[in-house]
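The points are numbered for reference.

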Amino acid sequence: MTSYPENDGDIAARKALKRYQRAATGLLVFMGGLTVAGYAAPAAGWVKDGFWLEMFRAGARAGVVGGLADWFAVVALFRHPLGLPIPHTAILPAQKERLGRALGRFVSGQVFTEKEVSKVLSQVDLPGFLANMLDDPAARETITRSLLSSMPQMLDRLEDGRASGAIGKIFPRLLGGSNLAPIVAKALRSLVDDDRHQEVLSYLLGQIKDGLQAKEGALRSMIEDRVREQGGRILGWAIGGSIATRVLMAASKELERVDPQNSSLREGFTAWVRGQIDRIETDPERGSEISQAVLGVLSHESVVVWWADIWQRFRRLVEADVDDPEGRIASIVQDALSRMATQARHDPVLRQRIMDSVSKATFKALPFVRDRMADFIARVVAGWDAVQIAEKLELRVGKDLQFVRFNGTLVGFGVGALLFAILRLLFGLNAQ
């Protein structure tokens, strides 16, 4: 009768169902036997007619009626009783599409609610799950390989023939639009706070020293010529060389004096730089000059070409490196995934951020998922064979429904007998 394969659970359920069906039917037959015995007993001389016998007959009749009615009701859910096409029977097979829609609405509307989903998410350690996945070498290798294989396609999408030029054009906007003064001031202040400006000064002083040493001969000749022009040939011949030597030695000593980190010149240089930074931040005119100067440099044709060249070099570097599983990009991705796993396990801020992001994405998609889930369940149930769906449902709930038959038979017997007794007490023999 069934056309779908049964597993061990189905076989056990079918045996239990048959056992309970036989028991319920046996109780109904037994109740029918009691009814016959109630009428046959006086004729056989076993008992005499009287109140108690009549009450017994009424109870037995009601038990048979109740048992038959509940048998009809239970069977009518799944098939036509006795194979007769009685209206409003075989309810589940006939109404499977409506049942599927109702089941879909129930699951999507009563099970997948925001409250229930939120409760489930709160019980799941999503950051820990992510950390465990990223700690798995095989999973990390798979993610890395996927990212590396997708990079050429990402570069293709970025570069559609205009990316190189676009980088140069949008770079100034990325820095902050037309007013770059705050960015420049912030960058300079960061350099000063880290004493990086002193490194710049040291570099300049070193360049000056090297320049003096390299040009010492030319400078000496220039000073001697200057002395000769101002004091005459004799004076220039007499003291020109001595003055040149003293000037060069004084300049060298002054540069050597500036070299220590705590020299007054360095302190003055720090104060001057900070003053210029304050002026950039507070003087709109000065800030505008700085912004225009920086924008002019970044927008210059040579700089735009430079950005384009950087893009091409970067692309060639990436394309060459992604083919190497031991390359730098692969190493960077692996390290990043490892750090992410550690943070996802121990950083409370990141853990909360992951949970918030997942919750936000889940609740945003929940209405769409609920609608699709309801439609999916309705389509699946509608596609089932009518006989199969009836059998599947009967296997799952049929055993419990046999207790309806038990109760109908027994309760019918009790209620029938009690009702007879009440009516006899109220109306006497006329109650028959």
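1. The model is predicted, with local features requiring pLDDT of at least 70, side-chain atom pairs counted only at pLDDT 80 or more, and totals for chains, interfaces and linings using all residues. Residues are numbered from 1 along each chain as its sequence is written, and side-chain values use heavy atoms, with hydrogens and water left out.

2. K119 takes part in a salt bridge with E116, the closest N and O atoms being 3.9 Å apart. A salt bridge is here a side-chain nitrogen of Lys or Arg within 4 Å of a carboxyl oxygen of Asp or Glu. Because K119 and E116 are 3 residues apart in helix α5 (residues 114-123), about one helical turn separates them. E116 is partly exposed as well, at 31% relative accessibility. Helices, as named throughout, are DSSP runs (H or I, at least four residues), numbered from the N terminus.

3. By the salt-bridge rule, the count comes to 8. One of particular interest for the fold joins the side chains of E54 and R424, at 2.4 Å from N to O. This pair links distant parts of the chain, since E54 belongs to helix α2 and R424 to helix α18, 370 residues apart. E54 and R424 are both buried.

4. A further salt bridge pairs R79 with E394, with 2.5 Å between the closest N and O atoms. R79 lies in the loop between α2 and α3 (91-94) and E394 in helix α18, so the pair ties together parts that are 315 residues apart in sequence. R79 is partly exposed, with a relative accessible area of 30%, whereas E394, at 8% relative accessibility, counts as buried.

5. The loop between α2 and α3 also holds L82 and A90. Most residues other than glycine have a negative phi. L82, however, has a positive phi of about 60°, and A90 has a positive phi of about 50°. L82 is exposed at 70% relative accessibility, while A90 is buried, with a relative accessible area of 9%.

6. How are helices α1 and α2 packed? Helix α1 (residues 8-43) meets helix α2 (residues 51-78) at an angle of about 150°, their axes being 8 Å apart. The two are therefore roughly antiparallel, a label given to angles over 145 degrees. Axes are lines fitted to C-alpha atoms, for helices over the stretch in contact, and angles run from 0 to 180 degrees between N-to-C directions. The crossing of α1 and α2 is left-handed, meaning that the near helix is turned anticlockwise from the far one by less than a right angle.

7. A nonpolar surface patch is formed by V411, V415, L418, L419, I422, L423, L426 and F427, with about 750 Å² of accessible area together. Patches of this kind consist of residues with over 30% relative accessible area and no salt bridge, nonpolar side chains being joined within 5 Å. Areas come from the Shrake-Rupley method with a 1.4 Å probe.

8. D136 lies in the loop between α6 (126-135) and α7 (137-158). D136 and S338 are 202 residues apart in sequence and 9.6 Å apart in space, C-alpha to C-alpha.

Notes: Patch = residues over 30% accessible without salt bridge, like charges linked within 9 Å, V, L, I, M, F, W, Y side chains within 5 Å. Parallel < 35°, antiparallel > 145°, perpendicular 65-115°, else oblique. Buried < 20%, exposed > 50% of the residue type's maximum accessible area, 1.4 Å probe, protein only.
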